[in-house]
Amino acid sequence: MRYFLLWFLSLMFAMMSLSLPKPARSQSNSPSQFPDSPSRNPSSGSFNPLILLNLINSLSRSGNNDQQQVDLSPDIAEIRGQIGRLYFLLARQYAAQNQLPQACNALEKGYSAELEAYLLKRMRSLKPDSDDCYASEVQRISQLTGSPTALIYVTTSKGGLELIGVPPSSPNRPAGIFSRTRIGAKSLQEKVGIPIAQTNQSNGTPFRKVAYNVTTEEVDRVIIDFRNNLRDTSSNDFLPQSQQLYDWVVRPMEPELEKAQVKTLVFVMNGNLRVVPPAAFHDGKRYLVEKYAVVTIPSWQLTEPNHPDRALTPQILAMGLSESVEGWSPLPATKVEVETISSQVLVGKTFMNSAFTKDNLRSQISSQNFGIIHLATHAKFVKNSPQESFIQFWGDRLQMNQISKMNLVTDLLTLSACETAVGQNLGLAGLAVDSGAKSVLASLWTVSDAGTAPLMIRFYRGLPTAPSKAIALQEAQLAFLRGEVTIKNNQIIGVKGFPNIPFLIDTRGVDLKHPFFWSSFTLIGNWL
């Protein structure tokens, strides 16, 4: 039965590749064209989305329909992965017909099925389907935080790069008050060659942009160059790729974002876009972080945005390694980081080196509720193998497939992982979904031990009073970028309202203004 299902899926993919709507010739001359919701309708011979939906529903019954989180066999997980691909194709069909709520719902199911295939577990959806691409939720959160928020789906495929944006509603304003809107629209028109009609308010309606010739392969090439060039902290060779990513992912939406006066961007992205920091995208004059707080979520239905009481200082469980274990290099800055955060910035408990064990972690979280669990250590996340992904403890490793059994129920799990490439495609998304934590802060690449400690201290210093975790991270990143937080004379200086911190660590080659240092950590999940 399994082989028949897989054969049938392959046949359906082949049929749909022939029947998907193709761009008109006039729309395919430039790889950077982003028209609004399509000016064409699919041809009468295009594939009917209802046929695809019926196929998905029938195949879904081959798995376990229980909405509880249950383990899947590898065979069923493989089918779930194929179903995920079908949902992404279905989303393209709906979007091409300007049925954006249906497209958003299909994307949500696609991301869930993709994670299920990766984790070998059936995920429990936290939210039902939406009839407005979650626009009402976006508006509610914008009002709750006082930071106008936009939800942005970014998907790449062989058929092109597609954006679906969900802005918040904005009140009526006198015409002409949005000077930045005119600038954003002019920039888009110059870059893309599309005339933009000027309006003076946003009604929160979802919108679509598409570039048919910007394929997954092209995006991946730019991402690889971007990440490689970011490692050279003495140069700005990363800027061409940073600006290209901005032009693809952000610039097409600028008029709508400006009209709604958006301050926080929530991205749901696929593929290797998950392993680049949107905060470091560059518009030619400024980084994205200078305009927006940024967060990434695995999917809206797998995220539960809620706002903790910021008046209460969260208890923190801070654990880490500063000594060398199992061939890993020592991390001397983690001692300063963990002890400063848990005793001077926040209130909590500290476990270092030989006390940093899985048993101690398990006993602490079973006896006390911690708002934050902070692990300063080594980690590795492998794209296609959660079994090979792990967090390093003293003399032991916590495997990815063991994380859910640890019951890490907390508002924020910070993986301050040094000298390791953490963010490998689905790895971080899987961690965010499977850990039990409402949100995860973790590194996207091999980070600097000396550069990480100041960022973490500055982030936690601002967290209790920030409107959201995303804004607290933005403020910490800006403090680095603007030179407010620096390392000088063996001290960390410039942490807001905090005395200088002794830092007897080798900091040669550490320029905290460079995005290698301030954009290395990404926030995933509940950003409030």
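Which residue in β12 is the bridge partner of K380? In this predicted model, that partner is F390, and the legends below begin with the sheet to which the pair belongs.

**View 1. The open sheet β11-β12-β13, with antiparallel pairing.**
The sheet is built from three strands that follow one another in the order β11-β12-β13. β11 (379-380) and β13 (396-399) stand at the edges, and because each has a single partner strand, one side of each is left without a neighbour in the sheet. Strand β12, which covers residues 390-393, is joined to β11 by two bridges, and the two strands run antiparallel. The pair to look for in this close-up is K380 with its bridge partner F390 in β12.

**View 2. The open sheet β16-β17-β18, likewise described as antiparallel.**
Three strands make up this open sheet, in the order β16-β17-β18. Its edge strands are β16 (486-488) and β18 (501-502), each of which pairs on one side only. Strand β17, residues 491-493, runs antiparallel to β18 and is joined to that strand by two bridges. Within this part of the sheet, Q491 stands opposite P502, a residue of β18.

**View 3. Helix α14, a mostly covered helix, and the glycine that comes just after it.**
Helix α14 spans residues 469-481 and has 13 residues; from its first C-alpha to its last it reaches 18 Å, close to the 18 Å expected at 1.5 Å a residue. Twelve of the 13 residues of α14 are buried, among them K469, Q474 and Q477, together with I471, L473, L478, F480 and L481. Just after the helix, G483 takes a positive phi of about 75°.

Most residues other than glycine have a negative phi.

**View 4. S136 in helix α5 and its distance to S169.**
S136 lies in helix α5, which covers residues 135-145. With a relative accessibility of 47%, S136 counts as partly exposed, because this value lies between the 20% and 50% limits. Although S136 and S169 are 33 residues apart along the chain, their C-alpha atoms are separated by 9.1 Å.

**View 5. Confidence along the protein, with two stretches of pLDDT below 50.**
The protein averages a pLDDT of 84, and 79% of the residues score at least 70. Over residues 21-32 the pLDDT stays under 50, and for this stretch the model has 23 contacts beyond four places in sequence. The pLDDT is also below 50 over residues 172-200, a stretch that has 44 contacts in the model beyond near neighbours in sequence.

Technical notes. Residues numbered from 1 in each chain as written. Predicted model: local features only at pLDDT ≥ 70, side-chain atom pairs only at ≥ 80, totals over all residues. Heavy atoms only, no water. Helix = DSSP H or I, 4+ residues; strand = E, 2+ residues; numbered from the N terminus. Expected span 1.5 Å × (residues − 1). Buried < 20%, exposed > 50% of the residue type's maximum accessible area, 1.4 Å probe, protein only. Pairing = 2+ DSSP bridges. pLDDT = per-residue confidence, 0-100. Contact = heavy atoms within 4.5 Å.
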